[in-house]
Amino acid sequence: MGNSWACFTPKGVTFTKKPSKRLPNSSSTKRTKKKDEELEFDDALIHQQALSAAFLFHQHQLNGSLPVNLNRSTSVVYPSTAAPKKLPKSSSSRQRSRTDHSLIQPLQLVNKDLNVDGLETIHFVLVHGGGFGAWCWYKTITLLEESGYRVDAVDLAGSGIHTFDTNSITSLAQYVKPLTDILEKLGDGEKVILVGHDFGGACISYVMELFPSKISKAIFIAAAMLSSGQSFLDMVSQQTGSNDLMQQAQKFLYTNGKDQPPTAIGLDKELVKDFLFNQSPAKDVALSLVSMRPIPFGPVIEKLSLSDAHYGSIRRFYIGTPEDCAIPVALQENIINTNPPEQVFWLKGSDHAPFFSRPQSLNKILVDISQIPPKQA
C-alpha cells in the first residue's frame, strides 16, 4: 500500500447524514434511524481523528516537532506545557506473571521525581515492526520527550513515508539502512537505547552485531529476539497452524511473477483489527489501517549471524504483551526461554500494539529500564 500523506489533511473529511424517512405511527423506527445516524457520525469522527493524527505526525517528521496535545487514548488528554510534565507516581504494586517476571499494571506511571541527569544515555531510537512506520510511536515519542529524553523514531526502508519500493528490498542491510545511518552519525562515546517492536526485534539484533559500542541497552517489545542462524520466518513458523487468523490476513505479493519467490507480504486491513489491535482505541486502529504498508519478504527469511562478542555484549530486556493475538504468550515465552534477556516485563492488558493500547505503562517500563545503572566492569 502506498502512503500518500499529502491527502491526509482534515480538510478532505466531511460529514454527511442520510435523511431519515418518516413513517407514520412508528416511533421505534425513528429511534433506530436516529441511532444509526449517530453511529455513522461517530465512525466518521474517529476516521477524521486518525487522518488528523497521521497528518500531524507527517508534519512532525518534516518540522522536527511533535504537537503534545494529540489525544493519545480514548479517555486521557495530556495538556501542552512549556516544560516537560512530570507524571505522578503510581501506588500500585508490581505483581508476578505466569513466568515469574515483572508484570506492569496499566495505571503505573513515570516516577514523580524522575531525574535523567547522570544516566548512561537519554537517547532512545524506536524501531517499528513489520507493516508499521515511525507514525505508530507518536504517543511514546511525546511521553518520553515530556520526561526529558531525546527520541528518534525511524522509518525503515519502504515503511511509513520512506519512498523506497517495498518490493525492491531483498536484504536486511537494505531494510535497516535508515537505522544504520542514525548509528553511524553518533559521536565518539555516544550511545543509544534501541527499542524494537515485532519484526523490529530482528532489525535491532542485526545492528547490535554491527554497532555494539554504540548501544547501551536493547529492548524487545513483543518482538523477534532471535538466536544466531535464525530468521523471523523461523520464529513465526513455530506457531504455524495455531494462528489461522494471521495466516488468513497475510497476502503474498509477487511483483516478479508467480513463478518467482514473493517480494512482499501484504495485510488484510479488516482482519488485522482482530489480531493486532484487539485492545487498542478505535482511532489508533483507523490510523493504522490508512498507514500500514507491505512487509518486504527478503528480510523476513534472512538468517541472522550473531556473536557473543558483539550482539551478546549488549544488555537485553523483553516486554511481553499478554493479550497479544499476533505473537501469543506461549510463543513469547518460548522466545524468552530460548534466548534469555536480562529482565522480562509483562504489560498487563496489552495487545500486540502496546504503544496504542497501553502507552503510559509502556512509557514507564522504558523509563525504568533507562534508569538501570551500567554493570560494573
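Let me begin with the conventions. In this predicted model, local features need pLDDT of at least 70 and side-chain atom pairs count only at pLDDT 80 or more, while totals for chains, interfaces and linings use all residues. Residues are numbered from 1 along each chain as its sequence is written, and side-chain values use heavy atoms, with hydrogens and water left out.

I turn to strand 5, residues 192–197. Helices (H or I, at least four residues) and strands (E, at least two) are DSSP runs, numbered from the N terminus. Is strand 5 enclosed or open? Six of its six residues are buried, so strand 5 is largely enclosed by the rest of the structure. Buried here means under 20% relative accessible area, exposed means over 50%, and partly exposed lies in between, with a 1.4 Å probe and protein chains only. Val192, Leu194 and Gly196 point one way from the strand, and Ile193, Val195 and His197 point the other way.

Which strands pair with strand 5? Two strands pair if DSSP finds at least two bridges between them. Strand 3, residues 123–127, runs parallel to strand 5 and is joined to it by four bridges; here Leu126 has Val195 as its bridge partner. Strand 6, residues 215–221, also pairs with strand 5 in the parallel sense, over six bridges, and Phe220 of strand 6 stands opposite Gly196. Together with helix 5, residues 200–210, strands 5 and 6 make a right-handed β-α-β unit. Right-handed means that, with the strands pointing away from the viewer, the path from the first strand over the helix to the second runs clockwise.

Strand 3 has a further parallel partner, strand 4, residues 150–154, joined to it by five bridges. In strand 4, Leu126 has Ala153 as its bridge partner. The chain passes from strand 3 through helix 2, residues 138–146, to strand 4, and this β-α-β crossover is right-handed.

Next, the nonpolar cores. A nonpolar core is a set of buried Ala, Val, Leu, Ile, Met, Phe, Trp, Tyr and Cys residues joined through side-chain atoms within 4.5 Å. The largest has 47 residues, and those touching the most other members include Leu194, Phe199, Met208 and Phe220. Helix 5 gives the most to this core, with five residues. Another core, of 41 residues, lies apart from it and has Tyr138, Ala249, Phe275 and Ile369 among its members.

How many disulfides are there? A disulfide is a pair of cysteine sulfur atoms within 2.5 Å, and the count comes to zero. Cys136, at 0% relative accessibility, counts as buried, whereas Cys325, at 33%, counts as partly exposed.

Finally, the aromatic rings. Rings of Phe, Tyr and Trp (its six-membered ring) pair if their centres lie within 6.5 Å; planes under 30 degrees apart count as stacked, over 60 as edge-to-face and the rest as tilted. The count comes to eleven aromatic pairs. Phe124 and Tyr149 have ring centres 5.3 Å apart and planes at 70°, so this pair is edge-to-face. Phe124 lies in strand 3 and Tyr149 in the loop between helix 2 and strand 4, so the pair ties together parts 25 residues apart in sequence. Both residues are buried. Phe199 and Phe232 form a tilted pair, with 4.9 Å centre to centre and 50° between the planes. Ring pairs also link Phe132, Trp135, Trp137, Tyr138, Phe277, Phe355 and Phe356 into a cluster.
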